[in-house]
Amino acid sequence: MRMPVLWVIFLFVFSIIIDICITFDVRQTWRKRGAKIYWITAALCYAVLIVAISLPRREAGSDITAVMWLLFTFLTIYSGKLIYLLCSAFGRLCNLSYRGKRSRIYPSRIIGIFAGALFIGLMWIGAGYTRHHIMVTPEEFHSQKLPESFDGYRIVQLSDLHVGSWGNDTTFIKNLVDTVNSLHPDLIVFTGDLVNRISSELIPFTGVLSELKAKDGVYSILGNHDYGDYVDWDTPAEKERNLLQLKDYQRKMGWKMLNNESVYIHRGQDSILVIGVENWGEPPFPKYGDLELALKSKGEASRISNDSTYKLLLSHNPEHWNREISKDTNIDLTLSGHTHAMQAMIKLGNWKWSPAKYRYDQWGGAYTRENENGEPTSINVNIGSGAVGMPSRLLSAYPEVSLITLKK
């Protein structure tokens with residue numbers, strides 16, 4: 001969890017400005033006594049922030065769950081205060097003739113109090129309910145290249161578990177595993193970000209996650225959080241040991257990792273190629289993914305060829321598909337995660353919106369376009385099952401299990 005000094009200073013200064021502005025309203029309504037009480041509560045909030053930024057966050061042995069919850073508490077309170085302040089300021093602007101008569105702007109303050117409280121309530125509903133409520137999302141992908149024996153092939157995609165955010169509580173992960181197994185998939189794939197920072201976060205969950213069952217097994221790849229890049233390691237060797245340990249845990253769970261590798265899945269004489277690349281990150285994330293290496297591992301000579309093999313790619317970041325895969329490869333379907341839909345989404349019927357759309361062209365669900373040879377290529381972006389940074393998922397951003405059916 002990165003927290004630059006300038007960001008912290010800005011947060012402090014901006015919060016103090018909010019409190020000073022609100023104090024004018026408090027003094028006008030409840031006089032000096034009300035202002036004193038208000039600043040006592042504000043001081044308690046600042047104490048929460050000071051504790052949060054004082055706790056270790058970048059050390060390998062540190063637990064960031066307390067930091068997440070303390071920051072979440074502070075930010076929800078001050079987001080609510082900001083909403084109130086904006087409503088109050090709007091009331092003042094709409095009444096330029098205001099001369100100190102409280103009743104002339106009082107309605108805007110009432111609206112601000114309710115709006116701020118509503119926002120805080122939504123944030124905590126997201127923390128207490130939404131992030132625990134699993135959503136199964138069905139998707140169908142059609143291709144003429146799909147062999148007949150794979151028509152109706154069922155794939156469950158999981159992504160972005162971030163198990164470290166649950167501490168040692170395995171309840172949610174157990175419910176997730178039971179949900180997946182109840183779908184009786186042919187194949188289970190996990191598209192990265194199993195942990196937040198270090199491999200030891202996975203220890204309480206290895207037994208539960210090893211219960212995932214599919215006819216053709218469980219395949220996984222690495223996401224940006226899995227490499228240990230969010231920890232200040234004493235030596236490069238420690239970081240490397242951490243990554244090797246994470247890979248070893250997954251092997252013991254029965255998961256098959258595809259680190260720039262490919263594997264054929266067979267049905268009789270037919271087969272499809274499953275390709276897995278390490279994290280392909282746009283700045284500031286490093287590019288560990290190597291599609292050419294992954295294809296060569298099974299003798300695939302080129303990214304675009306006239307072969308009829310159906311190809312399924314696991315790549316954590318959907319920008320890989322957006323910038324490269326959909327342009328100059330003949331890969332039929334890519335499965336990605338990474339975006340979390342920024343853990344905030346509104347969905348009404350087939351319409352959906354998330355602030356993630358302003359960061360990623362493909363942020364959640366299914367997308368299709370043609371490559372440079374005019375061949376269709378598709379992607380499914382799973383919005384993740386876990387939470388990181390903010391221990392909350394808002395509105396319709398439920399933890400997602402993607403149930404993908406391949407159709408001829």
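Asp178 is partly exposed, with a relative accessible area of 37%; the label covers values between buried (under 20%) and exposed (over 50%), computed with a 1.4 Å probe on protein chains only. Its salt-bridge partner is Lys174, with the closest N and O atoms 3.5 Å apart. Here a salt bridge is a side-chain nitrogen of Lys or Arg within 4 Å of a carboxyl oxygen of Asp or Glu.

Please keep in mind that this is a predicted model, where local features need pLDDT of at least 70 and side-chain atom pairs count only at pLDDT 80 or more, while totals for chains, interfaces and linings use all residues. Residues are numbered from 1 along each chain as its sequence is written, and side-chain values use heavy atoms, leaving out hydrogens and water.

**Salt bridges within a helix**

- Lys174 is also partly exposed, at 31% relative accessible area.
- Both Asp178 and Lys174 belong to helix α4 (residues 171-181), four residues apart, or about one turn of the helix.
- Helices are DSSP runs of H or I with at least four residues, strands are E runs of at least two, and both are numbered from the N terminus.
- In helix α6, Lys252 and Asp248 are likewise four residues apart, about one turn of the helix.
- Their salt bridge has its closest N and O atoms 3.2 Å apart.
- Lys252 is exposed, with a relative accessible area of 64%, whereas Asp248 is partly exposed at 27%.

- Lys239 and Asp229 meet through their side chains in a salt bridge of 2.4 Å, N to O.
- This pair links distant parts of the chain, ten residues apart: Lys239 sits in helix α6 (residues 236-252), and Asp229 in the loop between β4 (218-220) and α6.
- Lys239 is partly exposed at 27% relative accessibility, while Asp229 is buried at 16%.

- The structure holds 13 salt bridges.
- A network of salt bridges links Asp186, Lys215, Asp216 and Arg267.

**An open sheet**

- Three strands, in the order β11-β10-β14, make up an open sheet with mixed pairing.
- The edge strands, β11 (351-353) and β14 (394-395), each pair on one side only.
- Two strands count as paired if DSSP finds at least two bridges between them.
- Strand β10 (residues 344-348) runs parallel to β14, and two bridges join them.
- Ala344 has Leu394 in β14 as its bridge partner.
- In general, strands of a sheet pair through backbone hydrogen bonds, either parallel or antiparallel.
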